[in-house]
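Hi,

Here is the structure I promised to pass on. My notes follow below it.

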Amino acid sequence: MEVQGNGPEEPRSKYLLSSHTTWPRTSLIITLLLSVWSAQGLEMSTGKVPFLEALNGSTVLLPCTYASCIGIKNLYFNWQYNDNGTMQKVCESVIPLDGMDPHPVSIYRDRVDFIGTGDHNNISILLWNITFEDEGQYTCFGRNPKEKGKNHSAIFTLVVVDELRVVDNTLTIIIASAVGGAIALLMTFMLVKNFILFVLFKIEEKKKIECLVQSSSADETNNVSGSKTSKPTTPKKK
């Protein structure tokens, strides 16, 4: 009995290649989508220098700003103080839309003022007459409902001292003096060099002028003497 096949069997490598090439493309697309989403998300910032050393009894600013490429709607924010591991709320509020001021702002701690404005995405606070008990970490927290409840925060550290440390600028002054002296020396060298080149140029120019004058005088002398010798002499009569 002859067994007849249904036709030539297609190679399995074709399907294996297709499945192996589809997965990397899918993962790449997912990665790109996640990176775009994270780039558009809310960002909280306490500035380029997120710490401050302040004098006891002074008034300090705790800065914080927010930014979002997708915009905000009912952005919730608060300030919290880390009291030995226990987070104590300092203030909180909600910003309805971009450019709008939060209202109302609830304050839960003495000597605290909210000075933020919606125009500049600013949610900073002021601490009045600070004491050593105010020292520690302050967290600026934000949650944008457009991101489905994703949380964001930035930390600012406050250090309270009896007196501000005097910064020793001796090394900085020495370095600045050395650099300034080197620059002054280089400028003096360039000025002297340019002056010498100018003097040499003038001397060379003067020599060229004198050479041209001498050449011109020599040519005139030759022409005069030549004209005298070429004049015919009249014969004397006997």
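Is Asn129 buried, exposed or partly exposed? Asn129 is partly exposed, because its relative accessible area is 45% (buried is under 20%, exposed over 50%, partly exposed in between, with a 1.4 Å probe and protein chains only).

A word on the source: this is a predicted model, where local features need pLDDT of at least 70, side-chain atom pairs count only at pLDDT 80 or more, and totals for chains, interfaces and linings use all residues. Residues are numbered from 1 along each chain as its sequence is written, and side-chain values use heavy atoms, without hydrogens and water.

Now the backbone. Asn129 has a positive phi of about 45° and sits in the loop between S9 and S10 (strands are DSSP runs of E, at least two residues; helices are H or I, at least four; both are numbered from the N terminus). Asn121, in the loop between S8 and S9, also has a positive phi, about 55°. Most residues other than glycine have a negative phi, and most peptide bonds are trans. A cis bond joins His103 and Pro104, with omega about -5°.

Best wishes
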